[in-house]
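Hello,

Here is the structure I promised to pass on. My notes on it follow below.

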Amino acid sequence: MRHSPLTLLTLARIRLFWREPSAVFWSFGFPILLSVALGIAFRNRPPEPVRAAVQEGPGAAELVKALSQGEVQARLMDQADADTALRVGKVAIVVCPGSPRGYEFDPTRPESRLARVVVDDVLQRAEGRVDVSKAVDHPVTAVGSRYIDFLVPGLLGVNIMSAGMWGIGYVIVETRTRKLLKRMVATPMRRSHFLLSFILMRLVFLVLEVPVLLGFAWLAFGVAVRGSFLLVGALSLLGALAFAGIGLLVASRAQNTQTVGGLINLVMMPMFIGSGVFFSAENFPQAIQPFLKALPLTALNDSLRAVMNEGAGMMAVAPQAAILTAMSLVSFGLALRFFRWT
């Protein structure tokens, strides 16, 4: 039976993928191992006590005793040891006894600012302070607000990006360096067939990658999809198309694996850091937020989190979907224009 060049090329790409154990591991095993490690490291647990040092001096013992009644682990130290403990992060604050009482802490460290509030509150209450008005705490731990709920969509997004960049861009250049592309020029196929076969191969494995990661996250950590599964799949599809196109574009002219490796890292690193994979992109200055929002990985991560954690609908993620669609069309069009066989 006569098959089209596109069909044969796509089947060849799929067979080559399955014959590479390392490729299978990085596509399926690594995201799961990373989610396990980070999920355990940042699991929900009781609040850790504030670590504080009390400098030796008159009244220091009474301060240590008062702090021990609250959520503070206080240790009596001389000035040199206390300064060292604060500098290396063993304690978040140093209490200096006297009148008035002094606090040494680093205001640029969030844990130190928190320690300043907690320690002063405990000592003020021990000295008889009475609140003007009473308040009641209502601790809330909801699915969707945990770190693992934030992490899993980011891992899914970065896995889609990595597979598109390394699984397509690097493989094409490696094929070029082995002089295999020259042989393909003589076959009855078009340039578009060759490039589209990589994209179709990525879409086939996307059908497996997304359910595997989301299914494991649900079984191991209870990470739920509050929105539409179909919308999650559609956004993953757009992300795969966008990064497949970028991978093709990066590999269109690179002559060796060292060059394409550098180009891939140059493209991926800003998104890996600034697109909110492991922490919110809102931590960056407001002046660069428009640039971060325009990155395809930011659009993919933000839209996946909106659907999975907030139950957002199609209209809510339309701007991010538009960015991914535009990136897909532009990158593939440019790759088709600039790609060369040698």
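**Cores and surface**

The largest nonpolar core has 59 residues, and Met161, Phe194, Leu214, Phe243 and Leu248 touch the most other members. A nonpolar core is a set of buried Ala, Val, Leu, Ile, Met, Phe, Trp, Tyr and Cys residues joined through side-chain atoms within 4.5 Å. Buried means under 20% relative accessible area, exposed over 50%, partly exposed in between (1.4 Å probe, protein chains only).

Six helices each supply at least two residues of this core: H6 (147-177), H8 (191-221), H9 (229-251), H10, H12 (296-310) and H13 (318-338). H6 gives the largest share, 12 residues. Another core lies apart from it, with 18 residues, including Val54 and Leu123.

This is a predicted model: local features need pLDDT of at least 70, side-chain atom pairs count only at pLDDT 80 or more, and totals for chains, interfaces and linings use all residues. Residues are numbered from 1 along each chain as its sequence is written, and side-chain values use heavy atoms, without hydrogens and water.

Leucine 214 is in contact (heavy atoms within 4.5 Å) with Val152, Leu156, Val225, Val232 and Met308, leaving aside neighbours within four places in sequence.

Overall, the protein has 13 helices and four strands. These are DSSP runs numbered from the N terminus: helices are H or I, at least four residues; strands are E, at least two. Of the 342 residues, 42% are buried.

Where does isoleucine 273 sit? Isoleucine 273 is in helix H10 (residues 257-274). Isoleucine 273 counts as partly exposed because its relative accessibility is 41%.

Best wishes
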